[in-house]
Amino acid sequence: MNDAERLWNPLHVPIERGSRERPHPTVAAARARAEQGPAGEPADLDADWLREICLAAGVDDVGFTALATPGLEGERDYVLEALPGTCTLIGFCLRTSRDNLQSRSTSAANRDVATTQELAHEAARHICLELQRRGVRALYPASGFPAEIHRFPNRSWVVSHKLVAVAAGLGQMGLHRNVIHPKFGTFIVLGTILIDRPVSRYSQPVLSNPCIDCGLCVSTCPVGAIHANGGFDFDACYTHNNHHELSNFAGWVEEVVDSADAADYRRRVTPSETLSVWQSLSFQPQFRAGYCVAVCPAGTDVLGNFLNDPDGHARDVVAPLMRKPEYVYVDTGSAAEAHVQSRFPHKTVRHPRRVTVPEPEIDPVPERHDQ
Ligand code: SF4
């Protein structure tokens, strides 16, 4: 910065601090408006009006739940850290393009998830600006990433969209641990908006779980993460499906660092894997497999086709994914490795480098927000 830049340009009006006797003009105007406005507690937002605002912004379904709803206790401190005064959570969903997600083309599936997430952010932002215009505080956390990543491996998301969606009546969790909407099925992306106002009417969870317990997600998951008895092997799912994310990405970095030369690097990481990392870094983190979602026939929009032609569903959707030759990432000696070897011997087992990220020392959890 030179001397001329340190001085105010003559175009600038000098900054003036107001006083009690002579307040700043905008302070005086705001006080005058406040004196004319309604006194007392802010009114509840009308649920029907709010629903219309949300649908007009582009979401496909929406529901409202109080932050105090039993089952959401674990969300409270994280939510109040992000937006102090939050008392209502707006849960919403957007449909995904079903044929993209059911395709054996992983890029087509990943493209649609990423696009729908961005549309969810755009819709949420539109809703927040509309509420802001009306004096309501409103915040939308990311649908996926970015997250409060400094807290990893502790919880790094602001709010659990799945829990909010269930509490707000958008669906129930299926055996595959994704929310299934009664109409759209599992082909949805979820989002949440935090607001500082009560709503005139809250939604209720759907009473019947749309999951029909067909077991297709169990048989299609390449690493056997979904168990027919309701169990779920999170580590197996994370190791394979999220191979390019979080601590798994740190493993790739360490392979690069430890490689003696290019030949050594290619022994550790194949050229195809290097290109996959490039793709994830250049566009969006690429999931390895959303097969549990692809094959799920639940939801009234989806179920009819499956019931009319289960053989066609098996031939066109399930079998191509099960047949697909591909890398499958598992820990050495794990149940997931045994599962791939016995159920999918035509797929190629890969052992990714595991990195243990230590507990964060700085700001590992949100502050307590006592009642
Ligand atoms: S594939 Fe079948 S068992 Fe799995 S979540 Fe969907 S409906 Fe439930």
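This is a predicted model: local features need pLDDT of at least 70, side-chain atom pairs count only at pLDDT 80 or more; totals for chains, interfaces and linings use all residues.
Strand 6 presents Ile 188, Leu 190, Thr 192 and Leu 194 on one side. Val 189, Gly 191, Ile 193 and Ile 195 point the other way. Residues of both sets are buried.

Strand 6 has antiparallel partners. Strand 2 (residues 88-95) runs antiparallel to strand 6 and is joined to it by eight bridges. Within this pairing, Gly 91 is bridged to Thr 192. Strand 3 (residues 138-139) is also antiparallel to strand 6, with two bridges between them. Here Ala 138 has Ile 195 as its bridge partner.

The largest nonpolar core comprises 71 residues. Cys 93, Ile 193, Val 223 and Val 295 have the most contacts inside it. Helix 6 (residues 106-133) supplies the largest share of this core, eight residues. The core lies between domain 1 (47-195) and domain 2 (216-350), because both domains give residues to it. Beyond its neighbours within four places in sequence, Val 223 contacts Ala 236, Cys 237, His 240, Val 328, Val 330, Ala 336, His 339 and Val 340.

The ligand is surrounded by 14 residues. Gly 174, Cys 211, Cys 214, Cys 217 and Cys 296 are the closest. The shell contains 10 nonpolar, three polar and one charged residues. Domain 1 (47-195) and domain 2 (216-350) both contribute to the shell around the ligand, so it lies between them.

Definitions and conventions
Residues are numbered from 1 along each chain as its sequence is written. A nonpolar core is a set of buried Ala, Val, Leu, Ile, Met, Phe, Trp, Tyr and Cys residues joined through C-beta atoms within 7 Å. A residue is buried if 20 or more other C-beta atoms lie within 10 Å of its own, exposed if 12 or fewer, and partly exposed in between; C-beta atoms are placed from the backbone. Helices (H or I, at least four residues) and strands (E, at least two) are DSSP runs, numbered from the N terminus. Domain bounds come from an automatic or database domain assignment. Two residues are in contact if their C-beta atoms, placed from the backbone, lie within 7 Å. A residue is near a molecule or strand if its C-beta atom, placed from the backbone, lies within 6 Å of it. Ala, Val, Leu, Ile, Met, Phe, Trp, Tyr, Cys and Pro count as nonpolar, Asp, Glu, Lys and Arg as charged, and the others, Gly among them, as polar. Two strands pair if DSSP finds at least two bridges between them.
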